[in-house]
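Me: I would like to learn how to read salt bridges and nonpolar cores in a model of this kind. Could you take me through them step by step?

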Amino acid sequence: MKKININKYWKNKKKLGFHIYFLLFSSVVITISVSIQAVLSQYLTPIIEEYMEFPTTFFWVIFSLIVGGILSYFVGKILLKPIADLKNLMQEVSEGNFDVKVNKVSIIDEVEDMYHYFNLMMSELRATEIIQSDFISNVSHEIKTPLNAINGYTTLLSDKDITNEEKDKYLEKILYNTDRINELITNILLISKVDNQAIETNNKLYSLDEQIRRSIVSLEQKWSVKNIEFNVELDSINYFGNSSLMMHVWNNLIGNAIKFSPENSEIIIVLREKENNIEFIIEDKGPGIPKEEQKFIFNKFYQCDSSHKTEGNGLGLSLVSKILELVKGEITVKNIVPTGCQFKVTLKKH
């Protein structure tokens, strides 16, 4: 049985379209013009026939055109006023004012829709402007912090009295902050490419479980210093996709688990097939993510640790989300009891 959209039906019944009002107003103009001509003709026709040389019919045609033109002018202004109002608002938008809004209602269905979609468009433009402003602010902050560090350590290196041990330490710090800037710029460019789907497909069949093992090994320097153990259960699964993009997903998720895990803890990683999907699950024993913040963690530059005590730029999970959206995958997050956090990635099995 076909489901009837009551709200849409009521809206169509409640308001008439522009063409209906045009026909109504046209009928009114014609009726008024003919009525005036009929009333005045009984008084003016004898005078016209007596004092004027041209036919009476010609006079009344001209008279009706003049009356009809005047009435049509005012009727047109009534019908076209919403368009004129929108034109003025659009002019304000073109001058950079994104706070404009139509606070009017109309009895004409198309005009009401125009108002609605204009307000919706302005809402999206305001959101985009805020996002761009925040993006510039966050990029400036994330680049400025390591640059200041580089500048500081470079100044210390200029001191001729420093020891070789101090010099090596400062150089290490400079290289570390240079890597931070490089990672930030790489992630920004990659997110931009994913957003615009400008990445070449380069899909191929490869071993997904082997790729995850390589990701764990590549991060050994980070987990070995914290003496973290891995409890890994990986089914042998072949996946058809862009391996370089998917490597970013695993590196970010495993890297985050390492970063927030306490020393001497365990990280659980599971890869399995479930029905027609592939599931990747990673659990850590860290502090977890406050429930009210979980819906924001995939936004660009969002960090639960607003003090920036932990290293990172808030782009990793945003990049993961964008890549999974591109490959029609999904990611979810939840806290686990008694402590820790679980991320689950679901991929379509091609």
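Predicted model: local features only at pLDDT ≥ 70, side-chain atom pairs only at ≥ 80, totals over all residues.

Me: Which partner does the side chain of Glu-279 meet in a salt bridge?

Reply: The general idea is to look for a side-chain nitrogen of Lys or Arg within 4 Å of a carboxyl oxygen of Asp or Glu. Here the side chain of Glu-279 meets that of Arg-272, with 3.1 Å from N to O, and Arg-272 counts as partly exposed at 31% relative accessibility.

Me: Which parts of the chain does the pair of Lys-349 and Glu-273 tie together?

Reply: Lys-349 forms a salt bridge with Glu-273, the closest N and O atoms being 3.9 Å apart. Lys-349 lies in the segment after E7 whereas Glu-273 belongs to strand E4, so the pair ties together parts that are 76 residues apart in sequence. Lys-349 is partly exposed, with 35% relative accessibility, and Glu-273 is also partly exposed, with 39%.

Me: Which residues do salt bridges that share partners join into one network?

Reply: Asp-209, Glu-210 and Arg-213 are joined in this way. Within that group, Glu-210 forms a salt bridge with Arg-213, where the closest N and O atoms are 3.7 Å apart, and both residues lie in helix H6, 3 residues apart, which is about one turn of the helix. Glu-210 is partly exposed at 37% relative accessible area, as is Arg-213 at 35% relative accessibility. By this rule the count of salt bridges comes to 5.

Me: Turning to the nonpolar core, how many residues does the largest one have, and which of them have the most contacts inside it?

Reply: A core is read as a set of buried nonpolar residues joined through side-chain atoms within 4.5 Å. The largest one has 44 residues, and those with the most contacts inside it are Trp-250, Leu-253, Phe-343 and Leu-347. Elements that give two or more residues to this core include helix H5 (164–195), helix H8 (243–260), strand E4 (266–274) and strand E7 (341–348), and the largest share, 8 residues, comes from H8.

Me: Leaving aside its neighbours within four places in sequence, which residues is Phe-343 in contact with?

Reply: Among them are Leu-253, Phe-280, Ile-297, Leu-317 and Val-333. There is also a second, separate core of 9 residues, which includes Leu-86, Leu-89, Tyr-115 and Met-122.

Me: What percentage of the residues of the chain count as buried?

Reply: Of the 350 residues, 33% count as buried, in a chain that has 9 helices and 7 strands.

Conventions: Residues numbered from 1 in each chain as written. Heavy atoms only, no water. Buried < 20%, exposed > 50% of the residue type's maximum accessible area, 1.4 Å probe, protein only. Helix = DSSP H or I, 4+ residues; strand = E, 2+ residues; numbered from the N terminus. Contact = heavy atoms within 4.5 Å.
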